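Biologist: Please put the model up, and then we can go through part of it by question and answer.

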Amino acid sequence: APTQGGGLPVAVTLVEAPACHLCGEAKSTLAVLAQSYPMTVQVVSIGGDPGRALMQQHRAPMSPLVLLDGEYFSSGRLPRRKLEKRLAKARKVRPNE
């Protein structure tokens with residue numbers, strides 16, 4: 001499988017809001033990309049304290065807020081091409097080799 005032995009999985013955090021169509025699109029995109037790239041996806045609700053804290057910490061103007069390995073990646077519509085490039089790059093990097 002292409003995901004085996006390709007570096008560490010990227011930890012993706014998605015902060016979603018209720019009734020947010022961009023959040024739904026982002027989750028669908030991540031589900032598709034997860035078939036090709038090693039990643040873990042954590043979905044956090046903006047309604048809870050952790051979600052609100054992340055939105056404030058990263059000064060995200062809108063949902064969904066997407067973090068890669070804890071770092072700000074995007075807010076609002078998920079830029080799929082940019083994300084694929086980042087995931088492909090992460091897959092090539094092999095720590096501890």
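Biologist: Which elements do the buried residues of H1 pack against?
Modeller: This is a predicted model, in which local features need pLDDT of at least 70, side-chain atom pairs count only at pLDDT 80 or more, and totals for chains, interfaces and linings use all residues. Residues are numbered from 1 along each chain as its sequence is written, and side-chain values use heavy atoms, with hydrogens and water left out. Helices (H or I, at least four residues) and strands (E, at least two) are DSSP runs, numbered from the N terminus, and contact means heavy atoms within 4.5 Å. The packing partners of the buried residues of H1 are E1, E2 and H3.

Biologist: Which residues of H1 are buried, and within what arc do they fall?
Modeller: Buried means under 20% relative accessible area, exposed over 50%, and partly exposed in between (1.4 Å probe, protein chains only). In H1 the buried residues are Leu22, Cys23, Ala26, Thr29, Leu30 and Leu33.

Biologist: What span should H3 have, and how far apart are its end C-alpha atoms?
Modeller: The expected span of a helix is 1.5 Å times one less than its number of residues. H3 has 13 residues, so it should span 18 Å. This agrees with its end C-alpha atoms, which are 18 Å apart.

Biologist: Which exposed residues does H3 carry on the face turned away from its buried side?
Modeller: Leu83, Leu87 and Ala88 are buried in H3. Seen down the axis, the buried residues fall within an arc of 135 degrees, so they line one face of the helix. The face turned away from that side carries Arg81, Lys85, Lys89 and Lys92.

Biologist: Where does Pro79 lie, and is Pro79 buried or partly exposed?
Modeller: Pro79 is in the loop between strand E4 (71-75) and helix H3 (80-92). Its relative accessibility is 27%, so Pro79 counts as partly exposed.

Biologist: Which residue lies over the face of Phe73?
Modeller: A charge sits over a ring if NZ of Lys or CZ of Arg is within 6 Å of the ring centre and within 35 degrees of the ring normal. At 4.9 Å from the ring centre of Phe73, the residue over its face is Lys82.

Definitions and conventions: The arc is that of the directions from the helix axis to the C-beta atoms.
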